[in-house]
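User: I am new to reading protein models. Can we go through this one by question and answer?

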Amino acid sequence: MLQAQNISYAHRNHAILQDIDVAVVPGELLVIVGPNGAGKSTLLSMLANEHEKSGQAILFKEKIFAAWEAKDLPQHKAKFSQSHNQDIPLLVKDVVMMGRYPYFKAAPAKTDILAAEGAMQQTDIAQLSARDYNSLSGGEKQRVHLARVLAQLDNNVQGKLVFLDEPLNNLDVLHQHRILHTIKNFTEKGNTAIMVLHDLNLAAQFADTVMLLKKGRVVAHGEPGVVFTKETISRVYNFPCIVCPNPVNKNPLIIFGSI
């Protein structure tokens with residue numbers, strides 16, 4: 001689905017990413033974790049082709065991004081960013097419909113309306129569809145933009161890719177899990193997701209693979225049970241922890257604090 005080798009990035013002679021290899025396949029949910037300043041969001045932006053001057057050849061479906069038609073690419077990949085315009089003078093349903101712009105020119109077709117409605121159902125904002133976007137709380141706005149991204153990738157194209165940078169910000173526990181289950185269902189249909197998270201336990205519960213970064217380098221990469229060890233986490237985060245089996249599933253459960 002996506003392949004990149006020797007990803008490096010520097011800003012004003014300060015190395016932010018150094019020699020990172022990434023390869024994801026259809027059906028995979030890769031979660032990128034690490035302490036503040038590890039380079040997580042920068043790596044996600046690099047993989048999403050948002051740093052044109054990086055000089056890195058990243059292959060998406062075996063083609064470099066420059067080989068894609070600009071009108072076709074949004075039907076295959078989408079990105080959810082950390083920050084969004086907080087002042088949008090539109091109704092919620094119109095903001096979500098922005099995700100369907102790659103599919104119509106003048107007016108949305110019935111398929112576009114159904115895609116937007118389905119995305120609002122998945123993110124639990126259907127009851128807000130006629131509300132003014134600017135009247136919403138931070139968490140509600142977050143779910144509106146998640147719905148917009150989901151609506152963008154709701155099509156008949158196989159093997160879609162979504163990038164998500166901290167999609168759980170401002171969300172309560174219920175909606176954190178609801179969104180993660182939605183993303184997991186998306187990948188189980190043969191699509192791929194690459195996501196940045198801070199919560200290691202949620203990463204352990206939902207990720208197929210985890211990439212742990214520190215100071216722009218990969219410390220560990222693999223299944224959650226391989227990456228999340230007591231020694232590795234304590235060293236990377238410079239804080240003690242205990243790793244024990246999760247009573248609900250086979251994934252590790254991480255408890256931070258004094259040992």
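User: Which residue in β9 is the bridge partner of valine 33?

Analyst: The model is predicted, so local features need pLDDT of at least 70 and side-chain atom pairs pLDDT 80 or more, while totals for chains, interfaces and linings use all residues. Residues are numbered from 1 along each chain as its sequence is written, and side-chain values use heavy atoms, leaving out hydrogens and water. Strands (E, at least two residues) and helices (H or I, at least four) are DSSP runs, numbered from the N terminus. In β9, valine 33 has as its bridge partner leucine 212.

User: How many residues of strand β9 are buried?

Analyst: Buried means under 20% relative accessible area, exposed means over 50%, and partly exposed lies in between (1.4 Å probe, protein chains only). Strand β9 spans residues 209-214 and is mostly covered. Of its 6 residues, the buried number is 5.

User: Which residue in the turn between β9 and β10 has a positive phi?

Analyst: Strand β10 (residues 217-222) runs antiparallel to β9, with 5 bridges. Lysine 214 stands opposite arginine 217 in β10. The two strands form a hairpin with 2 residues between them. The turn residue with a positive phi, about 50 degrees, is lysine 215.

User: Which strands are the edge strands of the open sheet?

Analyst: The sheet has 4 strands in the order β2-β1-β4-β5, with antiparallel pairing. An edge strand here pairs on one side only. The edge strands are β2 (14-24) and β5 (63-64).

User: Which residue in β4 stands opposite leucine 2?

Analyst: Strand β1 (residues 2-11) and strand β4 (residues 59-60) pair in the antiparallel sense. They share 2 bridges. Opposite leucine 2 stands phenylalanine 60.

User: Why is the pair of tyrosine 101 and phenylalanine 104 edge-to-face?

Analyst: Rings of Phe, Tyr and Trp (its six-membered ring) pair if their centres lie within 6.5 Å; planes under 30 degrees apart count as stacked, over 60 as edge-to-face and the rest as tilted. By this rule there are 5 aromatic pairs. The ring centres of tyrosine 101 and phenylalanine 104 are 5.8 Å apart, and the pair is edge-to-face because the planes stand at 90 degrees.

User: How many residues apart in sequence are the parts tied together by tyrosine 237 and phenylalanine 256?

Analyst: The ring centres of tyrosine 237 and phenylalanine 256 are 6.1 Å apart, with planes at 70 degrees, so this pair is edge-to-face. Tyrosine 237 lies in helix α8 (residues 230-237), phenylalanine 256 in strand β12 (residues 252-256). So the pair ties together parts whose separation in residues is 19.

User: Over which ring does the charged end of lysine 63 sit?

Analyst: A charge sits over a ring if NZ of Lys or CZ of Arg is within 6 Å of the ring centre and within 35 degrees of the ring normal. Ring pairs link Phe60, Phe65 and Trp68 into a cluster. Lysine 63 has its charged end 4.1 Å from the ring centre of tryptophan 68.

Key:
Pairing = 2+ DSSP bridges.
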